[in-house]
Amino acid sequence: MDSFEKARLTFLQALDHHQAYRLAQAESLYRQACALAPGRTSVLLNLGSVLVAQRRFDEAIEYCRQVLSVEPDNAIALEQLALCRSGNRSAADLLSQFDLAIEQRPADAEAHNNRGVALRELGRLDEALSSFNRALDLNPEAIGALVNRAHVMSSLGKPQDALGDYLRAIRRVPDFPPAGQGIIECLLATGGTPLVSESEFDSLLVRAIRLAWTKPQRIAPMLIARLMRRPAVSAAVDRVMAAWPQRLSLAECLGGAPSGLLDDDILLALLDSALIPHVGLERMLASLRGCLLRRCIDTDGPASMCGEELRFYCSLARHCFYNEYVYEVTGAERGELARLAAKLDQALEADLPVPGDWLVAVACYAPLGQLRGGDRLLGRPMPSPLEDVLRQQLIEPEHERDLRAAMPRLTSIRDEVSLQVRAQYEESPYPRWRTVPRPTYRETLASYIRRRVPAAAQVRIADRDRIDALNAGCGTGQHPTEMAMRIAGIQILAVDLSLSSLCHAKRMAQECGVANIEFAQADILELGAIHRRFDLIESSGVLHHLADPERGIYVLRGLLRPGGVMRLSLYSEFARRGVVAARALISGRGYQPTPEGIRSCRAELMGLDDDDPRKQALAFPDFYAMSECRDLLFHVQERRFTLLDIAGLVARTDLEFLGLELEPDQIAGFRRRFPDHQTLADLAAWHDFEAANPDTFSGMYTFWLRLDGGSVPAAPSVGG
């Protein structure tokens with residue numbers, strides 16, 4: 001086969017991937033075709049199209065120029081070049097360009113699709129829907145237009161219609177992230193299930209959590225509900241709960257049917273991806289790890305696990321490390337663990353072979369890094385699931401220790417409360433996370449705000465080619481990593497009190513391939529000393545841990561450029577009433593913020609009657625991991641707010657209130673309560689709504705503010 005024929009076949013393969021929106025695969029194959037047949041305009045144009053779809057305009061321009069050097073009047077190359085050069089232009093400018101393209105090529109489905117995208121950016125949703133319909137009339141296989149139409153229908157309050165398009169797209173391309181992400185958002189908005197088979201729905205949810213179509217914790221309750229419908233799992237949970245606190249044998253736990261539980265795809269996906277906020281499942285998993293520990297102690301020469309059992313227990317070990325060994329431990333288990341760890345240490349020091357069972361059993365109770373000879377495990381041949389455990393418990397923590405010494409320190413830390421908070425998060429970095437959703441495109445900051453803050457849909461928000469952003473109190477870096485991947489032109493300074501948190505944040509950002517974040521240690525109260533200004537400042541779940549949250553807001557306000565925006569998140573007094581009650585129990589019992597104290601406290605709370613208000617703490621996912629539970633129930637400093645408090649706070653800072661971040665179900669409930677209300681920015685009305693629905697803001701209040709460029713803006717509405 002000559003090089004031209006190889007290039008043709010490679011091009012056809014690339015085209016299949018391109019049409020299915022598998023852009024990375026298409027790009028790789030187009031580049032191979034270019035190398036085999038340099039100068040072929042069809043290959044160059046399609047490669048440029050893939051790069052444009054990823055908004056890599058500077059790279060795409062080079063391929064447009066190569067085509068135009070051979071065919072100066074090539075219309076597609078000229079249009080693609082103009083699109084690349086206008087990549088940061090306004091949607092209105094782009095709309096004019098696409099209108100012109102349609103005049104010249106009225107049957108071009110892609111031009112109609114592009115026009116729809118520009119109209120959507122401008123908020124002209126009905127017109128956008130017409131453009132996407134026209135694109136699909138011209139090319140029913142245009143998966144991009146199909147998903148774009150679904151996006152618009154979702155925005156128009158038609159999630160069921162949108163879900164139909166998303167499902168058609170995901171059936172054509174099972175690994176198409178925009179369709180997968182859309183399916184999950186529709187399911188979360190409707191609280192229902194799509195009209196698909198049970199097996200297809202379960203498969204969708206497993207792919208969603210493994211491929212991070214959304215944050216795994218958002219859909220964990222959905223997967224748990226599905227999991228508990230499976231007879232092998234629900235029966236095992238019932239048996240364990242009936243016997244608790246007595247631990248069952250493996251045969252008693254599994255009921256003689258291990259293949260129905262240890263290889264369950266939903267259970268494995270949850271173990272690998274999220275916390276599991278379910279008491280029955282937690283106790284079942286605690287019992288299963290105890291079975292393995294007892295087997296290692298009771299058997300003279302433990303045979304190494306293999307197959308589904310090895311896969312399950314390695315996932316359980318990694319999950320226990322992730323939740324920082326929050327499960328209850330009996331006195332018998334402590335003794336057995338000490339004996340097994342001693343045997344492991346002896347074997348490692350003597351450089352003897354180590355049974356995989358022993359390693360996995362210990363890793364289910366404590367990090368392997370605590371073994372005296374733990375580093376000697378590296379380099380030994382291991383089954384793949386066990387290699388994942390070693391990477392998590394030995395290699396990654398060592399990487400974070402290496403990052404610690406080089407972490408910049410931007411400010412002093414002198415405030416007494418700041419010092420106490422730093423000490424907590426040095427011991428308990430929060431939250432641990434394993435993945436974030438990867439956006440399929442970068443969007444402008446203005447588009448991001450309008451999409452998340454319904455009240456800001458008609459607010460003028462300036463866009464800049466470069467967005468200088470500050471994340472004040474970044475914790476372990478999950479949110480700034482998401483923003484770094486999502487917002488076009490963003491450069492982020494992410495600061496935190498805790499070096500432990502920052503090292504986890506930097507390692508995870510590196511693993512995600514994110515390079516536009518600068519991490520550094522700093523105290524919010526001292527940030528005025530850095531003499532920098534920002535277009536965007538975010539501080540989520542941080543200010544309520546200051547002795548004086550308002551002082552913190554004033555410091556951050558002083559770092560905003562005129563026209564800059566600020567995103568803040570604060571605890572709700574209503575939503576945390578159960579936490580307040582649980583904290584009173586903790587104070588009365590004298591529980592300490594140590595692993596033993598947290599485990600004992602959790603056990604007592606789990607044992608309360610279901611109608612006990614203190615048991616409401618179990619509704620928070622944070623209850624199901626050690627550092628997260630410490631943050632939830634044992635924090636050294638916590639303030640809570642009402643929306644009226646926030647209205648007064650904002651008014652005193654002379655910042656313009658843009659609105660609350662709201663989910664569709666929150667908006668729908670508000671509209672039912674206030675059908676004639678004209679604004680979603682009325683904090684007094686939202687206060688009344690929350691008083692009647694106190695779990696509305698269980699996550700936190702998240703709201704956006706803006707520093708006006710000159711005049712003093714109006715305070716948020718508090719009535720009328």
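Trainee: Where in this predicted model is Pro245 found?
Mentor: Pro245 sits in the loop between α14 (231–243) and α15 (250–254).

Trainee: What kind of peptide bond joins Trp244 and Pro245?
Mentor: A cis one, with omega at about 10 degrees.

Trainee: What is omega for the peptide bond from Tyr430 to Pro431?
Mentor: Omega is near -10 degrees, and that bond is cis. Pro431 belongs to the loop between α22 (416–427) and α23 (445–452).

Trainee: What makes the phi of Ala212 worth a remark?
Mentor: Phi is near 55 degrees, a positive value, and the residue is not glycine. Ala212 is in the loop between α12 (198–210) and α13 (216–227).

Trainee: Why is Ala212 called buried?
Mentor: Set the value against the cut-off. Buried means under 20% relative accessible area. Ala212 has 4%, so it is buried.

Trainee: What is the phi of Glu324?
Mentor: Near 60 degrees, a positive value in a residue other than glycine. Glu324 is placed in the loop between α18 (307–322) and α19 (331–349).

Trainee: Why does Glu324 count as buried?
Mentor: The cut-off is under 20%. Glu324 has 14% relative accessibility, so it counts as buried.

Trainee: How do you know whether His545 is buried or exposed?
Mentor: By its relative accessibility of 5%. Buried needs under 20%, so His545 counts as buried. This residue is in the loop between β4 (534–540) and α26 (549–557).

Trainee: Which residues is His545 in contact with, leaving aside its neighbours within four places in sequence?
Mentor: Val417, Val421, Tyr425, Tyr571, Asp631, His635, Gln637 and Glu638.

Trainee: How far is the backbone oxygen of Gln637 from a polar atom of the His545 side chain?
Mentor: The separation is 2.6 Å. A polar contact needs N or O atoms within 3.5 Å, and 2.6 Å meets that distance limit.

Trainee: Is the crossing of α2 and α3 left-handed or right-handed?
Mentor: Left-handed. From α2, the contact takes in Leu23, Ala26, Glu27, Tyr30, Arg31, Ala33 and Cys34. From α3 come Val43, Leu44, Asn46, Leu47, Val50, Leu51 and Ala53.

Trainee: How do the residues of the contact of α2 with α3 divide?
Mentor: Into 11 nonpolar, one polar and two charged. Glu and Arg are charged by definition, and Glu27 and Arg31 are among the contact residues of α2.

Trainee: Why is helix α24 said to be largely enclosed by the rest of the structure?
Mentor: Count its buried residues. Nine of the nine in α24 (residues 478–486) are buried, so the helix is largely enclosed. Among them are His479, Glu482 and Arg486.

Trainee: What makes Pro397 count as buried?
Mentor: Its relative accessibility is 18%. Buried runs under 20%, so Pro397 counts as buried. Pro397 is in helix α21 (residues 384–406).

Trainee: Which residues does Pro397 touch, not counting residues up to four places away in sequence?
Mentor: Phe321, Arg391 and Gln392.

Trainee: How many residues apart in sequence are Pro397 and Gly164?
Mentor: They are 233 residues apart in sequence. In space, C-alpha to C-alpha, the separation is 44 Å.

How values were computed: Residues numbered from 1 in each chain as written. Predicted model: local features only at pLDDT ≥ 70, side-chain atom pairs only at ≥ 80, totals over all residues. Heavy atoms only, no water. Buried < 20%, exposed > 50% of the residue type's maximum accessible area, 1.4 Å probe, protein only. Helix = DSSP H or I, 4+ residues; strand = E, 2+ residues; numbered from the N terminus. Polar contact = N/O pair within 3.5 Å; in protein donor to acceptor, adjacent residues only side chain to side chain. Contact = heavy atoms within 4.5 Å. Left-handed = near helix turned anticlockwise from the far one by under 90°.
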